[in-house]
Amino acid sequence: MHSTVSEEHSNMATGFLLNRAALTLGIHCQNVCRNVTLTQVREKKRWMKAYTYLMAKKLKLEGPPPPKPRSLKPNWDYHAEVQAFQNRLHEDFSLELLKRAFVNPCYLKAETERRQGLGMDTELTALTLKDNIKLCAKGESIAKTFVTDWCRASFPSLPNEGVQSVVEYLTSVSTVTYVARNLGIEDLTMSAEFPVPDEVLYSTFMAVMGALQESSGEERTGFFLRDFLVTQMIGKDLFELWTVVNPMGLLMEELTKRNISLPEPRLIRSAGASTVLPLYFVGLYSEKKLLAQGPGETLPAAEEEAARVALRNMYGFNENRKPISFSSQQEQPSTIQAISSN
């Protein structure tokens with residue numbers, strides 16, 4: 001009897017101690033958790049993986065969306081953009097002429113056909129815009145005249161064939177469109193197609209030159225062409241622009257005009273003559289004076305390169321020449337006068 005009572009008392013004591021220990025542990029954990037800041041980790045939703053995969057697959061099958069002109073995007077104000085264009089270039093344009101320079105004939109034709117397709121009355125909805133054909137012709141004439149006179153003033157020894165090659169490069173479609181796109185002319189060009197074709201962008205740039213000439217005169221137009229078009233000559237080699245089939249024959253002609261004896265090629269030095277990568281240096285001598293020297297994998301190639309080096313030196317187009325100055329103080333007055341005379 002006594003053993004049973006003692007066992008009950010011992011069980012009650014044990015249960016009381018366990019409950020008290022659990023209560024104490026719970027209170028301690030509650031106090032600790034009050035000082036702990038829980039951070040939420042944002043992970044991708046389950047549907048995001050499938051959606052991303054479908055969008056990537058759609059882009060691969062259909063390709064990227066077609067580009068849209070800036071005028072079709074929100075917050076577009078054509079008048080403000082044209083005003084900002086001339087302010088960005090620090091030029092004083094007539095806004096009417098500048099806006100006309102951006103209107104191409106293909107745009108007028110496409111817009112007229114679109115209105116006729118909608119059944120609109122052509123007389124009531126006639127376009128009041130004028131195309132840039134006259135401005136383009138004037139600007140193209142000014143650009144070619146200025147570049148020709150600049151080339152002859154900067155390289156007076158260069159023959160007409162070389163001058164013509166330089167002019168063709170600076171006024172080519174690729175060079176002009178590169179300059180036009182970097183000036184932001186493409187965004188303002190009114191064209192029937194987008195992206196704007198190179199020919200349309202070329203005519204737009206020339207029309208802008210014509211508008212500048214009528215607005216600010218020949219001098220400002222010449223400065224503009226010098227700063228943005230002629231500077232494309234920086235880092236260019238003469239024979240990258242001018243293709244000369246027979247450099248030695250041209251060199252002999254130039255020396256004959258200057259009453260200098262014909263050149264005599266001599267092997268100066270060579271390396272690896274018995275290997276698969278030989279190197280020869282040929283020098284051209286005239287009256288015991290070294291005109292130029294050039295390297296080559298063969299003797300004829302080295303002789304041809306030496307002739308090219310000699311021609312560069314004669315034309316003032318050598319590699320170690322003084323950099324071309326594009327400052328206003330060095331502007332040749334003859335170049336601006338030549339434009340004014342036209």
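Q: Hi! What percentage of the 342 residues in the chain is buried?
A: Buried residues make up 35% of them, where buried means under 20% relative accessible area, exposed over 50%, and partly exposed in between (1.4 Å probe, protein chains only). Keep in mind that this is a predicted model: local features need pLDDT of at least 70, side-chain atom pairs count only at pLDDT 80 or more, and totals for chains, interfaces and linings use all residues. Residues are numbered from 1 along each chain as its sequence is written, and side-chain values use heavy atoms, with hydrogens and water left out.

Q: Thanks. How many helices and strands are there in the chain?
A: The chain has 15 helices and three strands. Both are DSSP runs numbered from the N terminus (helices are H or I, at least four residues; strands are E, at least two).

Q: And which residues have the most contacts inside the largest nonpolar core?
A: Those are Leu158, Phe205 and Leu251, in a core of 67 residues. The largest share of this core, 10 residues, comes from helix 10 (residues 198-216). A nonpolar core here is a set of buried Ala, Val, Leu, Ile, Met, Phe, Trp, Tyr and Cys residues joined through side-chain atoms within 4.5 Å.

Q: What does Leu251 touch, not counting residues up to four places away in sequence?
A: Its partners are Pro263, Leu284, Ala307, Ala310, Leu311 and Met314. A contact means heavy atoms within 4.5 Å.

Q: Is Cys151 buried or exposed?
A: Cys151 counts as buried because its relative accessibility is 0%. Cys106 is at 28%, so Cys106 counts as partly exposed.

Q: How many bridges link strand 2 and strand 3?
A: Seven, between residues 279-286 and residues 289-296. Tyr285 stands opposite Leu290, and Tyr280 stands opposite Gly296. The two strands form a hairpin with two residues between them, and Glu287 in the turn has a positive phi of about 55°.

How values were computed:
Two strands pair if DSSP finds at least two bridges between them.
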